[in-house]
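Please look over the sequence and the structure shown below.

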Amino acid sequence: MDYLDRLKKPTTPVDVILDTDAYNEIDDQFAIAYLVKNSEKLNVQAFYAAPFLNQRSKTPKEGMEKSFAEIQNILNLMDVPNHSVFKGSEHFLVDEKTPCKSAAAADLAERAERYSPQNPLYVVAIGAITNVASAILLNPAIVDKIVIVWLGGHSFEWHDNTEFNMSQDVAAARIVLGCGAAVVLLPCMGVVSAFNTTAPELKHWLTGKNKLCDYLLNHTITQATEEHQYPTWARSIWDVTAVAWLLDPAFMLDRLEHSPVPTYENKWAFDKTRHLVRYVYFINRERLFFDLFEKLGK
């Protein structure tokens, strides 16, 4: 399998790692559950806790620690056997040459060695991409043995690139998008922002189905009510789309683009001499939400 083949959607079951700042927003919990619920196609190998810093965390380390606990909480709500869960970076990268050492970065640097360009490990990342960038710095040889599916940045047409996952660790994003690894990029505003839902829809599909659905329903409505000014809110469940890219081709549309360059001024820069990445530009909201709700309710 050459580089362009690795950028194609897999047609057979694949091994997957999920790198997530699970305590940051409720959409991470949906993504964790959706990944586990698709076990016939996606073989979960491990979960990595990613750092984050906002009103829900005083430091990146605290955000990572809370995410580590939340991953385990979701798995317990699903009554699934314990998966390997690793603590990630305690801070963001200080530059583009120095890895942030952690159990997660060390695991990926070692685990990816078991794979090959013909049989890559899929790394789905839905937070700041510090852990993945650190693993690449620790072991650059893994770039040909992994496919990185990252929800990060805004669409190329958006007026800026001040997106949470991207702007927390621009250095890490520059490493991942510049190292030559196969990357699938799912932009937030302008693309994945279309994947949103409302309180009535959530109540219709999730109420009383199981412990997991009750948890997701209550926490989503609580967070959305706190975040939005009007009761007519629609809440994006962004992170599910990164998992969904590995599944039904009808869930979204994508194309090949030259790998963009994240700048420290929170913009995209472009260089047509750079390698190609796969860029998602449309989400089939109705089809994906139907599959998500149907599987969560089982």
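Phe290 is partly exposed, with a relative accessible area of 44%; buried means under 20% relative accessible area, exposed over 50%, and partly exposed in between, with a 1.4 Å probe and protein chains only. The model is a predicted one, in which local features need pLDDT of at least 70 and side-chain atom pairs count only at pLDDT 80 or more, while totals for chains, interfaces and linings use all residues. Residues are numbered from 1 along each chain as its sequence is written, and side-chain values use heavy atoms, with hydrogens and water left out.

Aromatic rings come next. A pair of aromatic rings is described by the distance of the centres and the angle of the planes. Rings of Phe, Tyr and Trp (its six-membered ring) pair if their centres lie within 6.5 Å; planes under 30 degrees apart count as stacked, over 60 as edge-to-face and the rest as tilted. The count by this rule is 8 aromatic pairs. In one of them, Trp205 and Phe290 have ring centres 6.0 Å apart and planes at 90 degrees, so the pair is edge-to-face. Trp205 lies in helix H8 (residues 199–206) and Phe290 in helix H11 (residues 285–296), so this pair ties together parts that are 85 residues apart in sequence. Helices (H or I, at least four residues) and strands (E, at least two) are DSSP runs, numbered from the N terminus. Trp205 is partly exposed, at 26% relative accessibility.

How are the rings of Trp205 and Phe293 paired? Their centres are 5.9 Å apart and their planes at 10 degrees, so the pair is stacked. Since Trp205 lies in helix H8 and Phe293 in helix H11, the pair ties together parts that are 88 residues apart in sequence. Phe293 is buried, with a relative accessibility of 2%. One aromatic cluster is formed by Phe195, Trp205, Phe289, Phe290 and Phe293.

Some rings have a charge over them. A charge sits over a ring if NZ of Lys or CZ of Arg is within 6 Å of the ring centre and within 35 degrees of the ring normal. Arg56 lies over the face of Tyr23, 4.5 Å from the ring centre. The ring of Phe68 has the charged end of Lys87 over it, at 5.2 Å from its centre.

Most residues other than glycine have a negative phi. Asp79 is in the loop between helix H3 (60–77) and strand S3 (85–86), and is exposed, with a relative accessible area of 59%. With a relative accessible area of 22%, Asn266 is partly exposed.

Cys188 is buried, at 2% relative accessibility, and Cys213 is buried, at 0%.
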